[in-house]
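Subject: Handing over the structure

Hi,

Here is the structure I promised to pass on. Have a look at it first, then read my notes below.

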Amino acid sequence: MAQGLIEVERKFVPGPGTEERLQELGGTLERRVTFRDSYYDTPELSLMRADYWLRQREGSGWELKCPGAASVSGPHTKYMELTAEPAVVAQLCEVLRAEVPGAGGVAAVLGPLGLQEVASFVTKRSAWKLVPRGADEEERPLRVDLDTADFGYAVGEVEALVQEEAEVPAALEKIHSLSSMLGVLAQETAPAKLIVYLQRFRPQDYQRLLEVYSSKEKP
């Protein structure tokens, strides 16, 4: 698989004072944005059931989240992110056991691979960044996204991006520390927007995922 950044993240339920607490901790509000995400899969959810998540974000292009190489314990998830379209197409063909088609982007292979839109919704996001106290100048800041989807669901996410598998434990420690300072309980989990969307609007698809993951939530 083409190399991408490893995304380590933890979702939580934001409260009315979360933004104020981020400011107190030295966080910087980078932007407030509104965007539409559309997710694609086969009718049998072959990608999601294998823990692959194909998304087109309005204005940003395609992204494929692939499962991390090792399991992560606790209320965290870890994914490789692919955004270069040739790498996304190659990985999709590998997962779906299909021949790699000729030159073309992701949109060109949706039909041949049997992929269709399974969810689409608009999110309002406030995006924050925060450098952990005591961190060196070259260290990547933690990112905190506070999202509200157009179907009324709100969720927060603390995220660290690392390049090497060896960096994951330290990233988890920083995420846990910041989550604690934001008042998130140690084992608190919050379902992702996509999961809640499927639960509300495509209950049969939601049940298909439950059969695979039981109570473990995904992106």
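Which element gives the most to the lining of the largest pocket? That would be β2, with five residues.

Some ground rules before the rest. This is a predicted model, where local features need pLDDT of at least 70, side-chain atom pairs count only at pLDDT 80 or more, and totals for chains, interfaces and linings use all residues. Residues are numbered from 1 along each chain as its sequence is written, and side-chain values use heavy atoms, with hydrogens and water left out.

**The pocket**

The largest pocket has a volume of about 630 Å³. Here a pocket is an open set of points on a 1 Å grid over the protein atoms alone, where a 1.4 Å probe fits and there is protein on both sides within 12 Å along at least five of seven lines. Lining residues have an atom within 4 Å of a point. Points are joined across faces, edges and corners, and the volume is the space filled by probe spheres set on them.

The lining is made of 31 residues, and the closest to the pocket's centre are Glu7, Arg55, Arg57, Arg125 and Glu159. Two or more lining residues come from each of β1, β2 (28–41), β3 (53–57), β4, β6 (116–130), β7 (142–149), β8 and α6. Helices (H or I, at least four residues) and strands (E, at least two) are DSSP runs, numbered from the N terminus.

What kinds of residue line the pocket? There are 17 charged, twelve nonpolar and two polar ones. Asp, Glu, Lys and Arg count as charged, Ala, Val, Leu, Ile, Met, Phe, Trp, Tyr, Cys and Pro as nonpolar, and the others, Gly among them, as polar.

An unreviewed UniProt entry lists Lys11, Arg55, Arg57, Lys65, Arg125, Glu157 and Lys193 under "binding site". The lining of the largest pocket takes in Lys11, Arg55, Arg57, Lys65, Arg125, Glu157 and Lys193 from that set. UniProt positions are in the numbering used here, feature names are shortened, and annotations may be inferred rather than shown by experiment.

The record also gives a "binding site" set of Glu7, Glu9, Asp145, Glu157 and Glu159, again from an unreviewed entry. These span 153 residues in sequence, yet no two of their C-alpha atoms are more than 13.6 Å apart, so they gather at one spot. Glu7, Glu9, Asp145, Glu157 and Glu159 from this set also belong to the lining of the largest pocket.

**A few of those residues up close**

Start with strand β1 (residues 6–12), where you'll find lysine 11. Glutamate 7 is buried, with a relative accessible area of 2%, and lysine 11 counts as buried at 13%. Buried means under 20% relative accessible area, exposed over 50%, and partly exposed in between (1.4 Å probe, protein chains only).

Which side chains does the side chain of lysine 11 join in polar contacts? One is glutamate 9, at 2.7 Å, and another is glutamate 157, at 2.9 Å. A polar contact is a pair of N or O atoms within 3.5 Å; within protein, one must be able to donate a hydrogen and the other to accept it, and residues adjacent in sequence count only if both atoms are side-chain atoms.

Lysine 65 is in strand β4 (residues 61–67) and is buried at 7% relative accessibility. Its side chain makes polar contacts with the side chains of glutamate 9 (3.5 Å) and glutamate 7 (2.9 Å).

Glutamate 157 sits in strand β8 (residues 154–162) and is buried, at 12% relative accessibility. Leaving out residues up to four places away in sequence, glutamate 157 touches Glu9, Arg10, Lys11, Phe12, Arg143, Val144 and Asp145. Contact means heavy atoms within 4.5 Å.

Lysine 193 belongs to helix α6 (residues 193–201), and at 11% relative accessibility lysine 193 is buried as well. Its side chain and that of aspartate 147 are joined by a polar contact of 2.8 Å. With residues up to four places away in sequence left out, the residues touched by lysine 193 include Phe121, Thr123, Arg125 and Tyr153.

Enjoy exploring!
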